[in-house]
Amino acid sequence: MFELAPEAADDWWEVEALYDLCFGPGRTALSSYRLREAVEPVADLSLVARDPEGLIAGAIRYWPVRIVAGADRAHRALLLGPVAVHPTHQGEGLGGVLIRDSLDIAARHGWPRVMLVGDAPYYARFGFDRLDGVTMPPPTNPDRVLGRALTPGAWDAITGQVTREA
């Protein structure tokens, strides 16, 4: 059994070590990290899962972003990621629990939409679809830019460049 809780300031380095273990130290070179620089993760949605021994077995973070479509139009969104599960707990469904629970919290807190860069077959089970016309910083593969509406129609007619929250 895992205990889910919001990520605390004291968890930061343990979560970073988990991300390095799961994705490698080169993970910060990915274009999605440019959107996270100098921006705090959304505290209520960034969760850790502790195993019975108190060690972090999984973690998920969210970041505020904007989809900019022209000089006068910008739309709020959440950028999901990274989500990671320690190798000793992979295959136990923990990643799915982190994703589902955090999406439920995001919807309750009034976020209209969430996006990520990932594998469509995996994230489709959580309601994510490919976003046409929403452009991540290069060199992101457009086929991996996925979104989910947390309120009906939240992605309707949304196009533009994804930028950091100001």
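Modeller: The protein chain has 3 helices and 9 strands, and the order from the N terminus is β-α-β-β-β-α-β-α-β-β-β-β. This is a predicted model, where local features need pLDDT of at least 70, side-chain atom pairs count only at pLDDT 80 or more, and totals for chains, interfaces and linings use all residues. Residues are numbered from 1 along each chain as its sequence is written, and side-chain values use heavy atoms, with hydrogens and water left out.

Colleague: What makes something a helix or a strand here?

Modeller: They are DSSP runs, numbered from the N terminus: H or I over at least four residues for helices, E over at least two for strands. Strand 3, for instance, covers residues 56-68.

Colleague: How do you know that the radius of gyration agrees with a compact globule?

Modeller: The radius is taken over C-alpha atoms, and the globule rule is 2.2 Å times the number of residues to the power 0.38. With 166 residues the rule gives a value near 15 Å, and the protein chain has 15 Å, so the two agree. Along the principal axes, the C-alpha atoms fill a box of roughly 50 × 30 × 30 Å.

Colleague: What makes strand 3 and strand 4 a pair?

Modeller: Two strands pair if DSSP finds at least two bridges between them. Strand 3 and strand 4 (residues 74-85) have 10 in the antiparallel sense, so they qualify. Ile67 has His75 in strand 4 as its bridge partner. The hairpin has 5 residues between these strands, and Gly70 there takes a positive phi near 95°.

Colleague: Which other strands pair with strand 3?

Modeller: Strand 2 (residues 47-50) is joined to strand 3 by 4 bridges, running antiparallel, with Ala49 opposite Gly58. In their hairpin, Gly54 takes a positive phi near 90°. Strand 9 (residues 160-164) is also antiparallel to strand 3, again with 4 bridges, and Val68 has Gln161 as its partner there.

Colleague: What counts as a contact, and how many join residues at least 24 apart?

Modeller: Contact means heavy atoms within 4.5 Å. Among contacts between residues at least 6 apart in sequence, 70% join residues at least 24 apart.

How values were computed. Buried < 20%, exposed > 50% of the residue type's maximum accessible area, 1.4 Å probe, protein only.
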